[in-house]
Amino acid sequence: MGLTDFAIESRDLVKNYGNIRALTGLSFRVRRGEIYGLIGPNGAGKTTTLRIISTLIKPTSGSARVFGFNVEKEAPKVRKLISYLPEEAGAYRNLSGREYLEFMAAFYAGDEEARSMVEEAVEISGLEDRVRDRVKSYSKGMNRRLLVARALMIKPKLAILDEPTSGLDVVHAYYVRRIIREYVEKHGVTVLLSSHNMLEVDFLCGRVALINEGKIAGEGSPSELKSKYNVPNLEEAFMEATRRA
Amino acid sequence: MRSSLGNLVVKEIKELLRDPKILLGMVLMPLLIFPIMGFAINISQTAVEESVKAASIALLDLDGKPAAQNLTRFLENNQYNIKIVKVDTSSAEEALESLKETNITVLLVIPADFSDDLANGSKGKLNVYVIFRRVSMAETGRSEMADFLLSKYEESLVKETVEKEFSNPETVLNPIDVSYSTVIKGETFNVDPRALSIVVISQSIMFPMAIMMLLIFGMQIAATSIAIEKEEKTLETLLTLPVGRLSILTGKLGGSVVVAAAGAVATIVGVNFYSGSIFGGEIPAVDLQALGLAPSMGGYLLLGVIIFITIVSALALAVCIAVFTENVRSAQSLIGYLYIPIMVPSMILMFADIDILPTAVQIVLYAIPYTHSIIATKAAFIGDYTTMAISIAYISIFTVAVLYVAARIFTSEKVVTGRISSRRWKLKR
């Protein structure tokens, strides 16, 4: 497989924050069109990994490429291909949902195409008439749906979603997972996501990396991991993988 | 299609102006609060004046001879509608006692030997008692009222005496006639310098204050704009968009400049109403342009340049600091420290020229970049372009340095990870 056959290729990523080592040589590869999940406890290094891939921060050592572009040296090219949804991100409170989507779409397309993106995002978000209201009047679930719609409307080659359903109730979480899955199937978008929720990962991801203390403790499809560790679910697979590591 | 920068600036303006805290606190409040303050002061001034006009003076004549009668007649027939109430007691103490139940707060006592003293060529002595029942301007106004009437009486006595002795009493009383002119840049104008100084003072206070307000508003807005992005966690998304980091920084600064300018205009309009209410009619109409004391077109242009550069540097400085805070509250409290180098020169230079200050103070003030925008504003009014050019050069160097630091921060990961907390850098994973 050539280098650009992978949506993401990270090699020996190390990230230090002062004296704290967040990543200790993280390597993984994400194929085009797959949903790849990073799972692990708080502080395992999931968010740091997503921030490096999305060009927000630089690795202390090692490298990462997105569709062949180096995230450090070719960050502007990478930013044209990705859409990043940070954990617990908000939208601009004093803009309406539609204005927020229009603001975001304008960075990716001309007037006509941007309008079409916004209409699609309105549909994805399911906000209907509420999209005309100010974001500050939205519930947490509505806010997250708006942001997921924003992340997907541009049809990125790579969507990076940090805890996409964090803090949502069952109904909103179900809705968000469904739209991610449908959108990926429809447009062939590659997704890199992180989650604490093993059910979510099991439902969404083709392959999963179990991250602990800044490195990968196990990798494979959810069924492969369950089979490998001879456990009924991913939660136990994670515990077993970290115990063996 | 709107450019990315235009898109960012429009978003900034919308987001800021729709924030009730900014719209109310920085744009609408100055428009309301200053006129209300002026109106309130005006009401109290009018009330004091009315109260003084409605006041009475109690008069106790212990003399009863011709000069005392003459004074009594003068007071009773005064042209200022001040009511004279005669008191019939045998001493000042008794008179004061009798005034306890009244609103009268001034007692004028003509002692028994007043007429005799005047007749003998000695000074006539009068006693004025002012009863302070409250601490207010109205009370002091009433005491001045007695003083005013007595000085008028004294003038009439002097005039009467001079008229008896001299054929030209007016010349004896006012022997000198002074004519005032003002010389500006070697040219003489028939303008009273006292009238001119009032106008110049009002201008020299107005401009430093306007610049100070503009900078403070701008910094608050820029800091709030960044801090909201951090607080609402929208900055991370913004930084991963296909738009240059410097465009994001410029968009923030541009939006903040527009909103700060709206705030400054609102403040100036409000202050104008305020001073109009207080000093209404006291500032004489002097055409500064005709006297060469208003900036030329070139002067205005340079003034615009210097104010723009100063604002950009102040906003960039605010952004540099706010980017390391986690929320709006901490950003605004940190920005508060930056007000000191803005307010101190403004306050000093409102009332004094830098040249007359002690050398040490001059050095400190010259070192503060924001001093130069005020110095340049004053220089613009007298056409001193050399001073303006030096000020522009100094602020430009400072602004370039601040922008460089801001750009470095925005293009580094510190914009995401840096935190100022408890005087330490904290790095968040």
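User: How many residues does the contact take from chain A and from chain B?
Analyst: Chain A puts in 32 residues and chain B puts in 24 residues. Bear in mind that this is a predicted model.
User: Which elements of chain A each supply at least two residues of the side that touches chain B?
Analyst: α1 (46–53), α2 (75–81) and β6 (82–85) of chain A each do.
User: And by class, what does that side of chain A have?
Analyst: The side of chain A touching chain B has 16 nonpolar residues, along with 9 polar and 7 charged ones.
User: OK, switching to chain A itself. What does its secondary structure come to?
Analyst: Chain A has 9 helices and 10 strands. Its radius of gyration is 18 Å, close to the 18 Å from the globule rule for 245 residues, so chain A is as compact as a globular protein of that length. The C-alpha trace spans about 50 × 40 × 35 Å along its principal axes.
User: How much of chain A is buried?
Analyst: Buried residues are 51% of the 245 in chain A.
User: What about helix α3 of chain A, buried or exposed?
Analyst: Of the 9 residues in α3 (residues 97–105) of chain A, 8 are buried, so the helix is largely enclosed by the rest of the structure. Among them are Tyr100(A), Leu101(A), Phe103(A) and Met104(A), and also Glu99(A) and Glu102(A).

Notes
Residues are numbered from 1 along each chain as its sequence is written. Chains are lettered from A and ligands numbered from 1 in the order in which they are written. This is a predicted model: local features need pLDDT of at least 70, side-chain atom pairs count only at pLDDT 80 or more; totals for chains, interfaces and linings use all residues. Helices (H or I, at least four residues) and strands (E, at least two) are DSSP runs, numbered from the N terminus. The radius of gyration is taken over C-alpha atoms; the globule rule is 2.2 Å times the number of residues to the power 0.38. A residue is buried if 20 or more other C-beta atoms lie within 10 Å of its own, exposed if 12 or fewer, and partly exposed in between; C-beta atoms are placed from the backbone. Two residues are in contact if their C-beta atoms, placed from the backbone, lie within 7 Å. Ala, Val, Leu, Ile, Met, Phe, Trp, Tyr, Cys and Pro count as nonpolar, Asp, Glu, Lys and Arg as charged, and the others, Gly among them, as polar.
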